[in-house]
Amino acid sequence: MATNPIRELIWAATMSTGARILATVLVLALFAGISVGVRRLGSRLKQHVGDTVAESAQATVVALASAGTAMVLVAVWRAGWLLKQGFDQIDPSRQQVVAIVLSGVIFVAAYLLTRFTKNSIRRLSKERGAITDHQQEVAHHLVQLLIFGMAVLVVLGIWNVDPGQLLLGAGAAGVVIGLAARQTLGAVLAGFVVLFSRPFDLGDWVVIGEEEGIVTDISVFNTQIRTFDEEYVMIPNDIVTDTEVRNRTRKGRLRLETDVGVDYDTDVEHAMDVAAEAMADTETPMERPDPNVVLAEFGGSSVVLRLRYYIDNPSARKMWKARTEVIAAVKQAFAAEGIKIPFPQRELSGRPETGNFAVSAGANEVADDGDDGSDDSDRVERADAATDGAGDDDTGAQ
């Protein structure tokens, strides 16, 4: 009865279609303003009461505002008969309505309780330092399954459903569900394998298949990584367990390698000493283990030296910084010592049937003859003689 005067007031104020449209716009604008205000106040509220309480308060306010907006719009457009028709079609009893409300309250309470337990586990781990971030995720998911399992049992009790009856029909249903959702179930089982085997922790730099980045979240369904292009990639856990996983930060350090070539005429031992001293003077690579230089291979135009050095707390930014410092330092040191870093070169020569005509030497001779001012006919005659000699050989062979 308390809502009737409000409804009559709304009806009196929205007699025309234009008034109803204006009222609708105002109500929706008010709802949008409340939503934006709640979102902005959320950050301040979290500083005083914590994330869980703040988010719960935000969700409650937005839910109440949504319900109020819906009721006002129903009154504005005289749509109460639609609600009555819907309830008449459903025709729930008072007991069913109470069961539905209690079921919703229980699941919402279970969700809020899991958020609270997650923050509590995180807070305890920070204060005491007893468990790692990975163990936090494992504990959170186990507590989450336990809480929601208890909530399901309570809801089944509210609806007078015996869990034993569900287990009786679980055999055939399990086969159907297993065939239909085998990929999802496989991902869930793989998720527990990942959580307990600990191939990586949160914040680790990993390479999973063709994806490379920092692990930001591990759930029972998938693993989330942030690539170095600031993209987030969700990888199903069954793919994680079936793919080679490379953890670059498992030991808290990463060895990098950079190749540099020196001329074959260079004193290799001296070049190795110069490169090692240059790397030792850089800032980002670690001092222990010491940077070192080894011989890698005989290249096409150089002897390849492999520069090996380490960085701690690896990250992509630190990796590129260390490589830049090492390359710049070694190049500068080689230039100061007169050590040549060669580029690929080729030596060209003629085939025997051309009279052992040396292409590279001929080119030089041509250039020299041109410089001396000699007649081009001499070069033509030499080329013709070589061609005639090749032709005579062919004729003799015939």
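Predicted model: local features only at pLDDT ≥ 70, side-chain atom pairs only at ≥ 80, totals over all residues.
How many bridges join β6 to strand β8? Residues are numbered from 1 along each chain as its sequence is written, and side-chain values use heavy atoms, with hydrogens and water left out.

**View 1. Helix α2, residues 17–49, and its kink.** Helices (H or I, at least four residues) and strands (E, at least two) are DSSP runs, numbered from the N terminus. The 33 residues of α2 should span 48 Å at 1.5 Å a residue, and the end C-alpha atoms are 46 Å apart, which agrees; the expected span is 1.5 Å times one less than the number of residues. A kink of about 40° is centred on S43, where the bend is the angle between axes fitted to the seven residues ending at a residue and the seven starting there. In α2, A23, T24, V27, V38 and G42 are buried, that is, under 20% relative accessible area with a 1.4 Å probe and protein chains only.

**View 2. The open sheet β6-β8-β7.** The 3 strands of this sheet pair in the antiparallel sense, and two strands count as paired if DSSP finds at least two bridges between them. Because β6 (253–262) and β7 (292–298) stand at the edges with a single partner strand each, one side of each is left without a neighbour in the sheet. The twist averages 30° from one strand to the next. Between β6 and β8 (residues 303–312) there are 10 bridges, and G261 has V304 in β8 as its bridge partner.

**View 3. Helices α11 and α12 across the strands.** Helix α11 (residues 268–280) lies across β6, β7 and β8 and runs at about 135° to β7, whereas helix α12 (residues 316–337) lies across β6 and β8 and runs at about 140° to β8. Contact means heavy atoms within 4.5 Å, and the angles, from 0 to 180 degrees, are taken between N-to-C directions of axes fitted to C-alpha atoms, for helices over the stretch in contact.

**View 4. The hairpin of β3 and β4.** Strand β3 (residues 222–227) pairs with β4 in the antiparallel sense over 5 bridges, and I225 stands opposite V233 in β4. Between the strands lie 4 residues, and E230 takes a positive phi near 60° in this hairpin. Strand β4 (residues 232–236) has V233 and I235 on a covered face, with Y232, M234 and P236 on the uncovered one.

Terms used:
Buried < 20%, exposed > 50% of the residue type's maximum accessible area, 1.4 Å probe, protein only.
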